[in-house]
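User: Could you walk me through this chain? I would like the overall make-up, then some detail.
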Amino acid sequence: MCIKTKELHLKTDLSVETVDTDKGVENINEKTENCFSCDICGKQFCQKLLLIRHYQSHTNENSFSCDVCQKDFSRKSALNVHYRSHTNVKPYSCNVCDKSFSRKGDLNRHFQIHSNVKPYSCEACDKSFSRTGDLNRHYQIHANEKPFSCDVCHKAFFRKGDLNVHYRIHTNEKPYTCEVCRKDFSQKTHLNVHFRTHTKEKPYFCNVCHKVFSRRGDLNVHFRIHTNEKPYSCTMCHKAFSVKSSLKKHFRIHTNEKPFSCHVCYKSFSQKNVLNEHVRIHTKEKPYSCDVCNKDFSRKGDLNMHYRIHTNEKPYSCDVCHKDFSRKSILDIHLRTHSNIKPYTCDVCNKSFSRKSDLKRHHKIHAKEIKIL
């Protein structure tokens, strides 16, 4: 079979000559030991068809064009794969979680999530990765190489793509939109994670307790429950935490930082969820309801404690007298009967009490004395 085309050959002196390939592929390639060798770059192929496809990378021949976006491709198979981006056809499906993909390679990479196969290992710290690209990016941590710098805030990055994504903080660009709720995102990965709130997809599962998660990061954090790993430590009191956000919240105890403020009474809080619970005092909102007696609560924790009235659950036990309690705060107060700790002191007579309520009752004695006088 002859290829009746005119092709460009790059010569060693970087000049270009036109070669008539009517004479057959054998005239422009050497066949050595059942391999076909490219006479431009020397790369060898076991099949003549693969060599012909490869040769198009030198000739820059793109004979297949997408009729939707006019993008050109050197191979029809590449055009077919690209065309799925317009048709949203995803013929490759995961047999574990049924997620679909337009390319077989994407399915193979995805499947490593379930198999937990990580064949690529870092020589410096032995950390393993499922993809070579992830390993290469990880290597930059050891090299401490950050060649890409933001010209606005001068923050440096390992990868140019990370810099481009970071730059959207300054431009407020959010090019990725959820097709369900129209919410915009600055990163495609954030959109993908968000989209699972609509699909209820949870592709990551714990191989110990089989709990499922929509994000890999949530799985990693959850797994520390089983390993008891607490990699984040407070520099002030050395208390350890399994989640970095928990350390940040804890650290505000030392700094007395309260960045969240109520817009009604301006009371400040160290945690946003505590502020949200506080706001319900003003709105009278009680979103948590007991399914036994229908009593409503503003906080989920209060509902959980209340529910123990019906179940008679008392999970907190005194290790001195083994008396059981439904709430930890009641156990803490009870423990003072054994330790004789009295943290509440009257500012009039300096008498001390183990409970705040006892101090309040005591204060009434002084109030009566003042009235008599």
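**Overall make-up**

Analyst: The protein chain holds 12 helices and 27 strands, where helices (H or I, at least four residues) and strands (E, at least two) are DSSP runs, numbered from the N terminus. This is a predicted model, in which local features need pLDDT of at least 70 and side-chain atom pairs count only at pLDDT 80 or more, while totals for chains, interfaces and linings use all residues. Residues are numbered from 1 along each chain as its sequence is written, and side-chain values use heavy atoms, with hydrogens and water left out.

User: How much of the protein chain counts as buried?
Analyst: Of its 373 residues, 21% count as buried, a term that means under 20% relative accessible area, with exposed being over 50% and partly exposed in between (1.4 Å probe, protein chains only).

User: And what share of the contacts joins residues 24 or more positions apart?
Analyst: Among contacts in the protein chain with a separation of 6 or more, such pairs account for 4%; contact here means heavy atoms within 4.5 Å.

User: Which residues make up the largest nonpolar core?
Analyst: That core has five residues, namely Phe36, Cys38, Phe45, Leu51 and Tyr55, and strand S4 (35-38) and helix H1 (48-59) each supply at least two of its residues. The term covers a set of buried Ala, Val, Leu, Ile, Met, Phe, Trp, Tyr and Cys residues joined through side-chain atoms within 4.5 Å.

User: Switching to H11, what is its span?
Analyst: Helix H11 (residues 328-339) has 12 residues and reaches 16 Å from its first C-alpha to its last, close to the 16 Å expected at 1.5 Å a residue; the expected span is 1.5 Å times one less than the number of residues.

User: Which residues of H11 are buried, and what do they pack against?
Analyst: Leu331, His334 and Arg336 are the buried residues of H11, and they pack against strands S24 (316-317), S25 (324-325) and S26 (344-345). After H11 comes Asn340, whose phi is positive, near 60°.

User: What about His222, is that buried or exposed?
Analyst: His222, found in helix H7 (residues 216-227), counts as buried because its relative accessibility is 9%. Not counting residues up to four places away in sequence, His222 touches Cys206, Cys209, Lys211 and Phe213.

User: Then why does Arg308 count as buried?
Analyst: Arg308, in helix H10 (residues 300-311), is buried because its relative accessible area is 17%. With residues up to four places away in sequence again not counted, Arg308 touches Glu313, Pro315, Tyr316, Ser326 and Arg327.
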